[in-house]
Every structure is written in structure tokens, then in C-alpha cells.
Amino acid sequence: MKLIYKVPQEANYQTVKEVLKIEFSISDRLLLKLKKLQKIFINRKVVYVHYPVHKGDIIECDLEDEEDNSNIMPTPLPLSIVYEDEGYLVINKPAGIPVHPSCDHYVDSLSNRVRYYFDQIGLKKKIRPVNRLDKDTSGLVIFAKNEYIQECLVRQMKTNEFIKKYIAIVNGHLEKSQGIVNAPIARKENSIIERCVNLNGETAITDYQVLSPKQIEELFRNNKNTKKDFDMIECILKTGRTHQIRVHMAHIGHPLLGDTLYGISSPLISRQALHCYHMQFIHPITKQEVQYISEIPEDMQKILL
């Protein structure tokens, strides 16, 4: 993958570094890496970052260097690819699979599957998941194929240009059809897993909206059996704290259906009823808005039967 920019007649750039910082928002860290690898060119000639530029010059950054990804074991397990191009891979993660390897899931995480897929297509790159989902949360996860794409998408997450929407099923019925939960989240004392609302925690903001019967019909294959003791909500995260939706819904008295960590078990589903179904951001290369959708999984569909 290459970043290419032709200096227009009306531009007033002085150096290569100025172009790369303004036109591509390249970080100093990546700029230093490209410099060391001699991956910066003007008119196909390797140049240093303070090299002068002129109108009509073609500036290129080559992002195709090989990287050591041996820290992730390749595992030949199924991978549901929603979208792929030279910059990133969008995966539909099923419940029960962690995104990252761990002691308990050293070879069966989503990252292990992506590493195997990269091997199959001859891509020797580090495994870079851009967003995270809990092991038992299903839905969309994006993997950047290089450091530049990862930087761009992480930057969008920090400025809320990267939008993630979740469908959750919560116990009981919320008093308001929509609202905002603004409650800081911290790690619970004496626990390495559980989080809680704590005034000394990090800022955490969740927008939610209770889905109408019509919206439920559209999302859940026209199923009209909605007379249950739960609400289906759409959540949009304004921040990305660990377990944020689960903690916030439990905090307002409506824990997710099946969430045994923050609520109680349910005969209707064997995990927390949470699915990341929509992802929207600005493509780092084309600069166009892109959207990806993941269908609601079967175990959440069956709750309405």
C-alpha cells in the first residue's frame, strides 16, 4: 500500500515532512520509521523528510514493509469477512471468541484466525485490531493492515468520527425511550475483570434509544412477538471503556439479558445479549464515509420467538 500526493500548483509547501503531516496526518513515530526504512520518495527518488518540494512533485510513502507477527499463532479456523481492501479487514465476530489471545485462549482468538488468513494471502504484518469486543459480545471488529490505517482509525475514535452502534436486550422496561448515561467507570476493587461506576473512574458516556416495535421487526426479521419483560435498545458509545454498555445498563437498573457478571443468567440466552451491528467512519484513503452492517445473530433472534 502506498500513500501518493501530487503537489498542486496552488500549494505552498516547503518540505516533504510538511506535506506528510498536513495531507496525511502521519505521526512523528511513523514518519521516523518510514525515514529509517527509506520508504519516502519524491518522483521515485528516496529522500529525507526535510527535502524541499516543488509544484508538480509526486510524493510517495511505501507502507509495504514486512513485520514480525510471530507473537500471534496462526490458527486455521473460520473467519467471517464482511469487507476487505488493502487498508483493513472488517470481521463479524461470533460470541464466545476473544479478540486477543490470552492464557486461556492462546490459539483460538480472533487474532489467531486473522494471522492465519494473513499468511494465506501473503501479508506479513502485525495483527492490529482497531476496536475491541468482549469475548461473549458478537459483532463487527476491524483489523488494520498497517500502522498508518490503525493511526487514522484510532484518531477518528478519539474525535467521535468513528461511530459504533450496538443492539442490546436489557431486563425490564426503561422509563425513558431514550437517554444518556454519563457515569465514570473504574476497575472494581479486588477484581481484574469486573468494572463499576466510580466517581474516580474514567469518563464514560453511552447514548441509548429503546427500539420501537417497527424497528424491532426490521432488525429481527419481521418478528412481531415483542410482548416480553425486556427492552431492546440501540446504544452508541461516546467513549470506549471496558464493559461500558454492560456496566451502564446495570447501573441504571436494567442489566443485559444473560449477563451473569453484572446481572443474572437467563434461560433465553447463554451470554450477554449484546451485538455490535453497525460501524461507520471516514475511509483513511478515499476520505469517503463508509458503513458496515452485521446481521443480528441467531441466539438474539430466537429471544423473540
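**Exercise 1. Which residues are buried in H6?**

Solution. The model is predicted: local features need pLDDT of at least 70, side-chain atom pairs count only at pLDDT 80 or more, and totals for chains, interfaces and linings use all residues. Residues are numbered from 1 along each chain as its sequence is written, and side-chain values use heavy atoms, with hydrogens and water left out.

Step 1. Helices are DSSP runs (H or I) of at least four residues and strands (E) of at least two, numbered from the N terminus. Buried means under 20% relative accessible area, exposed over 50%, and partly exposed in between (1.4 Å probe, protein chains only).

Step 2. By this criterion, Gln244, Ile245, Arg246, Val247, His248 and Met249 are buried in H6.

Step 3. Helix H6 spans residues 244–251, and six of its eight residues are buried, so the helix is largely enclosed by the rest of the structure. Just after H6, Gly253 has a positive phi of about 90 degrees.

**Exercise 2. Determine the surroundings of Glu234.**

Solution. Step 1. Glu234 lies in strand E14 (residues 230–237).

Step 2. Glu234 is buried and has no salt bridge; Lys165, the nearest side chain of opposite charge, is 4.7 Å away. A salt bridge requires a side-chain nitrogen of Lys or Arg within 4 Å of a carboxyl oxygen of Asp or Glu. For charge, Lys and Arg count as positive and Asp and Glu as negative, while His and the chain ends are not counted.

Step 3. With contact taken as heavy atoms within 4.5 Å, and residues up to four places away in sequence not counted, Glu234 touches several residues, including Lys165, Asp207 and Tyr277.

**Exercise 3. Assign the two sides of helix H2.**

Solution. Step 1. In H2 (residues 28–36), Leu30, Leu31 and Leu34 are buried. These residues cover an arc of only 105 degrees around the axis, which puts them on the same side of H2; the arc is that of the directions from the helix axis to the C-beta atoms.

Step 2. Arg29 and Lys36, on the other side of H2, are exposed.

Step 3. The cover over the buried residues of H2 includes helix H1 (16–23), strand E2 (40–42), strand E4 (58–62) and helix H4 (147–158).

**Exercise 4. In what order do the four strands of the open sheet stand?**

Solution. Step 1. Two strands pair if DSSP finds at least two bridges between them. The order is E1-E4-E2-E3, with antiparallel pairing.

Step 2. Strand E1 (2–6) and strand E3 (45–46) are at the edges, each with a single partner strand, so one side of each has no neighbour in the sheet.

Step 3. E2 and E4 pair over three bridges, and Phe41 stands opposite Glu60 in E4.
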